[in-house]
Amino acid sequence: MKCCQCNSPKVSNGRIFNQIDYIAPAAYFRPNGLRTFAILDTNVRIKNIFYSCLDCGFVWGEIDPVKLKKVIIEKATDSTKERLDLNKKQ
Ligand SMILES: [Zn+2]
């Protein structure tokens with residue numbers, strides 16, 4: 001695996017802690033570009049497996065792409081869906 005920001009092969013995996021030795025409770029990703037007042041069913045759980053680049057410090061993780069795409073298709077503004085090429089029925 002390479003860093004998706006600087007392309008370095010020096011990548012370490014790990015987990016997120018919010019205190020020393022206390023694994024963070026479940027966290028969720030809510031994409032920007034949703035319609036006003038779209039709140040219900042817009043959070044996508046983030047897996048607590050992260051990666052970090054030893055050269056630039058970039059950190060990234062993973063979520064369910066099917067769930068993320070469903071949120072965008074059902075809740076996002078037309079301009080967001082157009083930018084992500086999701087305007088047409090899948
Ligand atoms: Zn990097």
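Two strands are taken to pair if DSSP finds at least two bridges between them, and helices (H or I, at least four residues) and strands (E, at least two) are DSSP runs numbered from the N terminus. The model shown is predicted, so that local features are reported only at pLDDT of at least 70 and side-chain atom pairs only at pLDDT 80 or more, while totals for chains, interfaces and linings use all residues. Residues are numbered from 1 along each chain as its sequence is written.

**View 1. The hairpin of strands E5 and E6 has 5 residues between its two strands.** Strand E5 (44–53) and strand E6 (residues 59–63) run antiparallel and are joined by 4 bridges. Within this pairing, Lys47 stands opposite Glu62 of E6. In the turn, Gly57 has a positive phi of about 85°.

**View 2. Tyr51 is placed in strand E5.** Tyr51 counts as partly exposed because 17 other C-beta atoms lie within 10 Å; a residue is buried if 20 or more other C-beta atoms lie within 10 Å of its own, exposed if 12 or fewer, and partly exposed in between, with C-beta atoms placed from the backbone. When its neighbours within four places in sequence are left aside, Tyr51 is in contact with Met1, Val11, Asn13 and Trp60, where contact requires that the C-beta atoms of two residues, placed from the backbone, lie within 7 Å. From C-alpha to C-alpha, Tyr51 and Glu62 are 9.3 Å apart, with a separation of 11 residues in sequence.

**View 3. The loop between strands E4 and E5 holds Phe37 and Asp41.** Phe37, which is not a glycine, has a positive phi near 70°, and this residue counts as exposed because it has 7 C-beta neighbours inside 10 Å. Asp41 likewise has a positive phi, of about 55°, although it is not a glycine. Asp41 is exposed as well, because 11 other C-beta atoms lie within 10 Å.

**View 4. Lys75 lies in helix H1, which covers residues 65–75.** Lys75 counts as buried because it has 20 C-beta neighbours inside 10 Å. Leaving aside the neighbours within four places in sequence, the contacts of Lys75 are Leu34, Arg35, Ala38 and Thr42. Although Lys75 and Ala38 are 37 residues apart along the chain, their C-alpha atoms are separated by 6.1 Å.

**View 5. The whole chain, for orientation, has 2 helices and 6 strands.** From the N terminus on, these elements run β-β-β-β-β-β-α-α. Along the principal axes, the C-alpha atoms fill a box of roughly 40 × 30 × 20 Å. The radius of gyration of the chain is 16 Å, whereas a compact globule of 90 residues would have one near 12 Å; this radius is taken over C-alpha atoms, and the globule rule is 2.2 Å times the number of residues to the power 0.38. Of the 90 residues, 4% count as buried. Among contacts between residues at least 6 apart in sequence, 54% join residues at least 24 apart.

**View 6. Strands E1 and E3 mark the highest and the lowest mean pLDDT among the elements of the chain.** Over the chain the mean pLDDT is 92, and 97% of the residues reach 70 or more. Where pLDDT is low, the predicted coordinates should not be read in detail.

Definitions and conventions
pLDDT is the predictor's confidence in each residue, from 0 to 100.
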